[in-house]
Structures are given as structure tokens and as C-alpha cells.
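Have the structure open while you read.

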Amino acid sequence: MGFGVTYSGDKKARTTLVLATTNNGKVEEFKLLLTDFDVEIKGLREFGPIPAIKEDGKTFEENAVKKASLTAKALGLPVLADDSGLVVKALDGRPGVRSARYGGSSDRENNLKLLKEMEGIQDREAYFMCVIAISAPNGSTLVYQGKCDGVITDELTGSNGFGYDPLFYYPPLKKTFAQLTTEEKNRVSHRGRAMAGLRSEFNKILVWLKQKTTLD
Ligand code: IMP
């Protein structure tokens, strides 16, 4: 039996997929999204401590791939990691990979810094980006991406969601992300789109992971 594959009574193999996060909310969200598939999702909290992984990549993809592949090698199990953020054209791509800690550590500090940097700027084009990486225990990695185009508003609007949602206006729905319900946001968001790509290939991904785990 290879690592990451558990056998139930009927000898049918069930793949374990570890999410490279200690955030239980994120684990529950992914469990729900992958509920129709034959996979056991676990969070990092279910394992002992592993060496910290520095998110020092220049792109979302570099960070997601680094997190997924190093965690997979450390645990000897298949791992999924994601990285996401906001890219603003007039700010040379900022906040970008530093989205989570751009103006401090809270959403409010980040939003206020973005509003300040955008003062007097006409071109308010921006996009959210999400990259999901899935790694086999040997570090081989598949990547899925989702992007969502929008416009930075000049004041905070709406109270749903998190992060930069109150400043991100989505023209097709004529609302900011913070004015959408979770379901409405998931249908169009960068994360929703990356997840749709992943879900559409997930059965193939499970076969790929099983081959990698048994052969290596
Ligand atoms: P991550 O958890 O390292 O992917 O960091 C993502 C950061 O980007 C978050 O802390 C938010 O500031 C921002 N971000 C990513 N996705 C969203 C979103 O859907 N809405 C608002 N902000 C987001």
C-alpha cells in the first residue's frame, strides 16, 4: 500500500488529500467543494509540526507550488495549497503576492492603504487571482488558476465577504464583491473559477495521485 491511500473494508482505495492550511474554515470549505469525490480531506492541524514554509515567491503560482510540493514531500502525502490576492494595474500589480499583509495585518488596514494609494488615480482596473496547486508526495505538481476582472471603488461598499471585497466592484453584476452573497460570489470569483477547473478534472487528478503514490 502506498502512502496516502487508505483501504476500507471492501478494499476500495480512498486517497487522502492534505490541505496546506491550519485554517479550519478553509478546510471545511474545501471539504464541501469536494464532497462528491472519493477523497479524504485533512487539514495540517491533524499532523505534527512540519518546518515552516516561507511564502517568498514573486508570483501566486510560485507560492502555491512551493507550499504544496514542500508540504507533500515533508508528509509523504498528496497536498493541495492555494495562494490568492489582488492585482491593481495602476499600482504596478500591488498589493499582489503581499495582499494579506499590505497595509498591516487586518482587512481594514489593507483597505485603507489601498484607498490611499489610489487617491487621484483615474485608471482603477484590477483583478483577483487564485492559484491552486496539487502535489504528489514526490513533489510533482498540477496547477489550476482562476481570475476575475473588476474595478477599485473610491469608498468601502458592502459588508459581506472578507479582504478587499468592499473595494472590488464587479461590473457584470453592478455590485462590489462585499454586496454579493457567498453563492453569487463563488459563481464568478477567482477562487470559484479555479475550483471549477479543479472539480472538472478531479477524478483524473485522483487517478494521477494514486499512480504517483503507488509507483514512487
Ligand atoms: P492567502 O490566504 O495567502 O491566499 O492571501 C490572500 C489575501 O488576498 C487575503 O488575505 C485577502 O487580503 C486577499 N484576497 C484573496 N482572495 C480574496 C477575495 O476573494 N476577496 C477579498 N480579498 C481577497
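Predicted model: local features only at pLDDT ≥ 70, side-chain atom pairs only at ≥ 80, totals over all residues.

Numbering runs from 1 along each chain as its sequence is written, and side-chain values use heavy atoms, with hydrogens and water left out.

**The ligand and its shell**

Let's start with the ligand, which sits in the largest pocket. Sitting there means that more than half of its atoms lie within 2 Å of the pocket's grid points. Two elements give two or more residues to the shell around the ligand, strand 4 (79-88) and helix 5 (190-200); helices (H or I, at least four residues) and strands (E, at least two) are DSSP runs numbered from the N terminus. Strand 4 has the largest share, three residues.

There are 14 residues around the ligand, and Ser 84, Asp 165, Lys 185, His 190 and Arg 191 come nearest. To count, a residue needs a heavy atom within 4 Å of the molecule. By class, the shell holds four nonpolar, five polar and five charged residues. Here Ala, Val, Leu, Ile, Met, Phe, Trp, Tyr, Cys and Pro count as nonpolar, Asp, Glu, Lys and Arg as charged, and the others, Gly among them, as polar.

| Side chain | Ligand atom | Distance |
|---|---|---|
| Asp 83 | oxygen | 3.2 Å |
| Asp 165 | nitrogen | 2.6 Å |
| His 190 | nitrogen | 3.1 Å |

On its own the ligand has 490 Å² of accessible area, and the protein covers 86% of that (Shrake-Rupley method, 1.4 Å probe).

**The pocket**

The largest pocket holds about 1300 Å³ of space. On a 1 Å grid over the protein atoms alone, a pocket is an open set of points with protein on both sides within 12 Å along at least five of seven lines, a cavity is a set where a 1.4 Å probe fits but cannot get out, and lining residues have an atom within 4 Å of a point. Points are joined across faces, edges and corners, and a volume is the space filled by probe spheres set on them.

The pocket has 49 lining residues, with Lys 26, Asp 82, Ser 84, Phe 162 and Arg 191 nearest its centre. Helix 5 supplies the largest share of the lining, six residues. The lining has 18 nonpolar, 19 polar and 12 charged residues.

Finally, take a look at the loop between strand 4 and helix 3, where Pro 95 is found. A cis peptide bond joins Arg 94 to Pro 95, with omega at about -5°. Asp 92 lies in the loop between strand 4 and helix 3, and has a positive phi of about 55° despite not being a glycine. Most residues other than glycine have a negative phi, and most peptide bonds are trans.

Definitions and conventions:
Polar contact = N/O pair within 3.5 Å; in protein donor to acceptor, adjacent residues only side chain to side chain.
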